[in-house]
Amino acid sequence: MTGTHPLRAKRRRSALRTAAFMSPWLIGFSFFFAYPLLSTVYFSFTRYDGFRPPVFNGLGNWTYVFTDYPLFWPALWNTLWLVVAMVGCRVVFGLGIGLLITKIKTGTGIYRTLFSLPYLAPPVAGTLAFVFLLNPGTGPVNVLLDAVGLPTPGWFTDADWSKPALTVLALWGVGDLMVIFMAALLDVPKEQYEAAELDGAGAWSRFRHITLPNISPIILFAVVTGVIQVMQYYTQPLVAGKVSAGVIGGSGRQFEPGYPDKSTLTLPQVVYNAGFQRFDYGAACVVALVLFALSMAVTALLMRRRGGLIEAGD
Amino acid sequence: MTEVAVVVHKPRVVRHKAVLQWIGVHSLGVAAALFFVLPFVFLFLTSVMSDQQALTRDLTPDTWEWGNYAKVWNTPGFLTWWRNTLLYAGLGTVLTVLSSVPVAYALARFRFRGRRLSLLLVISMMMLPPQVVVIPMYLFWAKQLDLSGTLWPLIIPMAFGDAFSIFLLRQFLLTIPEEYLDAARVDGCGEVRTLLRVVLPMAKPGIAAIALFQFFAAWNDYFGPQIYASDNPAAWTLSYGLESFKGAHHTNWNLTMAATVLVMAPVIVLFFLAQKAFVEGVTLTGVKG
């Protein structure tokens, strides 16, 4: 009795202490994650415009979104396109730039700074700059392409070229991946390269058999986080579409998103369109839940394949 | 014996190869640098063109119109956007750091039931697109608390921990050797004193990294201000205002580019001042799994 009492008191103290330290996040999680997520599920089964009280309508919103809502499937298709092209190009390019910088012996700091800067440019500012640079008639890029006799695409004004234009913009901001790949490349044990060199392995063979296996966890990490970024892709395609369409005024409530021809439409834009332009909160919540399911599936992949994210420190 | 032969021959061959490699690597480096830097250069050159010239195919200005910057600066609302952005980014950063540090410390150092689950939920929250929960959140802030047209719905949640900051800081705190903490405990420090006196001074680089990222995130945020502030121009931030600025001056690429330069400049200056924290933060989220 006298032996257990102090122990139990100690345990209670430690539980209280944990709760106290965790409290900001416990409140944040409940109010800004759990509660709104459950509400989103509830609203997805109701007809709701935000003014009259929500009315239960079963799977009505779900069938509407999947069969009749003209923006949903184009947005999903664009997401797939951007996942393959944008994530693929960014990882290959980021790795290439990372390799290049580890090979450069002088002025590394200057190169690293120059390559990182665009990553930090505010997305709206960067997008505006690229809409200007890729302006089909007068933009510097087409002026230069024209000068060397290459074809001059319509970029953000052509439905076939708008996603490649967004991909170029995303490549410009590859600084984050460069930093991650650089750190990973510097961690590859030097002895392995020296041993391979003694065995007469060429540069490609060393890259293929030593570099790639050593950094493959980082490549997977870059791919998975890249896919998640595409799921959240919002500001750049929206601003590019609005500005190239010449939409005037601030709120843009009248703007039909995805200019040109829904080619820059993404799922987050569809949530905004359904909820805040059409005031169809039920349909918006359906799209939000599709987005949620996709994001969590990708996150689960990240945590399954890279238990380290959790395990470290256990 | 072969070793001797190699030693005799190596220097010249190696020097030759090294020079070629130096040239090759730096030409690639310069080409890459042009790709990353030229957009900034054209942006700047256009920002000092005259109204007429900005509409032509010219790449360099005939006359340097520095007055464009004054014109942008004096555009009604521009200063308000600055004030709002500084309020959102500054206050948001302070609140995020204050609320995320204890949580990250508990997740890194305390042993308790549900710790793994908490960490899983932090990561899930970090990966969640903000659009997933925006409808109920908007209804809550706008209809129940009547705070639409202000930045408070964006700032207040920062006082309750930010998932990305918690995760990044936890990764950082794991790199601090346990022995320092044990020593503090043996000296009779409670957890709060240990955190304040021992951990915080050692965690400065990690805290600098989350502060930097949070500041950038708020500075760059477009979606949040669009949802809560779009109806009230007095609450617009630079990111949101910049896009509408283009709308209002849709033929004036020179003024739009001058405004773009003004919005990018603080971020770039901040990056030069805090490069180390940036590299440290990016590396921690990506590599130290």
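1. What is the handedness of the crossing of helix 5 of chain A and helix 7 of chain A? The crossing is right-handed, a crossing being called right-handed if the near helix is turned clockwise from the far one by less than a right angle, and left-handed if anticlockwise. Helices here are DSSP runs of H or I with at least four residues, numbered from the N terminus.

2. On provenance, this is a predicted model, in which local features need pLDDT of at least 70 and side-chain atom pairs count only at pLDDT 80 or more, while totals for chains, interfaces and linings use all residues. Residues are numbered from 1 along each chain as its sequence is written, chains are lettered from A and ligands numbered from 1 in the order in which they are written, and side-chain values use heavy atoms, with hydrogens and water left out.

3. Returning to the pair in point 1, helix 5 (residues 123–133) of chain A and helix 7 (residues 162–172) of chain A pack at about 130°, with axes 11 Å apart; the axes are lines fitted to C-alpha atoms over the stretch in contact, and angles run from 0 to 180 degrees between N-to-C directions. The two helices are therefore oblique to each other, the class left when angles under 35 degrees count as roughly parallel, over 145 as roughly antiparallel and 65 to 115 as roughly perpendicular.

4. In that pair, A:Gly126, A:Thr127 and A:Phe130 of helix 5 of chain A meet A:Val168, A:Leu169 and A:Trp172 of helix 7 of chain A, contact meaning heavy atoms within 4.5 Å. The residues of this contact divide into four nonpolar, two polar and no charged. Nine of the 11 residues of helix 7 of chain A are buried, so this helix is largely enclosed by the rest of the structure; buried means under 20% relative accessible area, exposed over 50%, and partly exposed in between, with a 1.4 Å probe and protein chains only. Among the buried residues of helix 7 of chain A are A:Lys163, A:Leu169 and A:Trp172.

5. Between the chains, helix 12 of chain A and helix 5 (residues 134–144) of chain B pack at an angle of about 35°, with their axes 11 Å apart, and their crossing is right-handed. A:Val271, A:Gly275 and A:Phe276 meet B:Val134, B:Ile135 and B:Tyr138, and the residues of this contact divide into five nonpolar, one polar and no charged.

6. A:Leu238, found in helix 11 of chain A, counts as buried at 5% relative accessibility. Leaving aside neighbours within four places in sequence, A:Leu238 is in contact with A:Phe255, A:Gln269, B:Tyr222 and B:Gln226.

7. Most residues other than glycine have a negative phi, and most peptide bonds are trans. The peptide bond from A:Tyr259 to A:Pro260 is cis, with omega near -5°, and A:Pro260 is placed in the loop between helix 11 (235–245) and helix 12 (267–277) of chain A. A:Asp261, in the loop between helix 11 and helix 12 of chain A, has a positive phi near 50° and is exposed, with a relative accessible area of 67%. A:Phe279 has a positive phi of about 55°; A:Phe279 lies in the loop between helix 12 and helix 13 (281–305) of chain A and, at 34% relative accessibility, counts as partly exposed.

Conventions. Ala, Val, Leu, Ile, Met, Phe, Trp, Tyr, Cys and Pro count as nonpolar, Asp, Glu, Lys and Arg as charged, and the others, Gly among them, as polar.
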